[in-house]
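The sequence and structure are shown below.

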Amino acid sequence: MDTRTELLTEIATFQNKLKMADSKIGQIALNDPKFVARLRDGRRCWPETAQKVRDFMAAAYTHITTADGTVIIRDVATGISASGTTLSEAYAELRRLIDGRQVAA
């Protein structure tokens, strides 16, 4: 199975659990709302791009929304947590923190 086919299978499983639209996955993970649709149309996917989508999906599985609406998200691999008013905002903050940690290392 190639990277594109594997990723589409993982996205379908993710969508069955979280009921998230293709466009929202692409927008949050890659800032490209058409990514999943293009992937379904046969577009090639680099392994690094696939990993970004997988990282988002893993983090999205570990998010909670507090009573006041704050979204808290955690990266399982690093243990880093971030928050925001939306899942998109929380994930962007998480990526910023993880990227900053990698630069410092």
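## Aromatic contacts

In this predicted model, Y61 is partly exposed, with a relative accessible area of 37%. The value lies between the 20% limit for buried residues and the 50% limit for exposed ones, so Y61 is placed in the intermediate class. F14, by contrast, counts as buried, at 0% relative accessibility.

In one of them, the ring centres of F14 and F56 are 5.9 Å apart and the ring planes meet at 65°, so the arrangement is edge-to-face. This pair connects distant parts of the chain, since F14 belongs to helix α1 and F56 to helix α4 (residues 47-61), 42 residues apart. Both F14 and F56 are buried. The rings of F14 and Y61 also pair edge-to-face, because their planes stand at 70°, with the centres 5.3 Å apart. F14 is in helix α1 and Y61 in helix α4, so this pair ties together parts that are 47 residues apart in sequence. F14, F56, Y61 and Y91 make up one aromatic cluster.

A charged side chain also meets an aromatic ring: R44 lies over the face of W46, at 3.8 Å from the ring centre.

## Salt bridges

How many salt bridges does a search of the whole structure find? The search finds seven. Among them is the bridge between the side chains of D22 and R40, with an N to O distance of 3.0 Å. This pair links distant parts of the chain, with D22 in helix α2 (residues 22-30) and R40 in helix α3 (residues 35-40), 18 residues apart. D22 is partly exposed at 22% relative accessibility, and R40 is partly exposed at 39%.

The side chains of D32 and R38 form another salt bridge, at 3.3 Å from N to O. Here D32 is buried, with a relative accessible area of 17%, whereas R38 is partly exposed at 35%.

R95 and D99 form a salt bridge in which the closest N and O atoms are 3.7 Å apart. Both residues lie in helix α5 (residues 87-104), four residues apart, which is about one turn of the helix. R95 has a relative accessible area of 22% and is partly exposed; D99 is partly exposed as well, at 37%. Elsewhere, salt bridges with shared partners join E6, E10 and R54 into one network.

## Surroundings of E10

E10 is located in helix α1 and is partly exposed, with a relative accessible area of 30%. Apart from its neighbours within four places in sequence, E10 is in contact with R54 and M57. The C-alpha atoms of E10 and V53 are separated by 9.6 Å, although these residues are 43 positions apart along the chain.

## Backbone geometry in the loops

Most residues other than glycine have a negative phi. K19 has a positive phi, near 55°, and is not a glycine. K19 is found in the loop between α1 (3-18) and α2, and it counts as exposed at 65% relative accessibility.

N31 likewise is not a glycine and has a positive phi of about 60°. Where is N31 placed? N31 lies in the loop between α2 and α3. Its relative accessible area is 59%, so N31 is classed as exposed.

Definitions and conventions
Residues numbered from 1 in each chain as written. Predicted model: local features only at pLDDT ≥ 70, side-chain atom pairs only at ≥ 80, totals over all residues. Heavy atoms only, no water. Salt bridge = Lys/Arg side-chain N within 4 Å of Asp/Glu carboxyl O. Helix = DSSP H or I, 4+ residues; strand = E, 2+ residues; numbered from the N terminus. Buried < 20%, exposed > 50% of the residue type's maximum accessible area, 1.4 Å probe, protein only. Contact = heavy atoms within 4.5 Å. Phe/Tyr/Trp six-rings, centres within 6.5 Å; stacked < 30°, edge-to-face > 60°. Lys NZ or Arg CZ within 6 Å of the ring centre and 35° of its normal.
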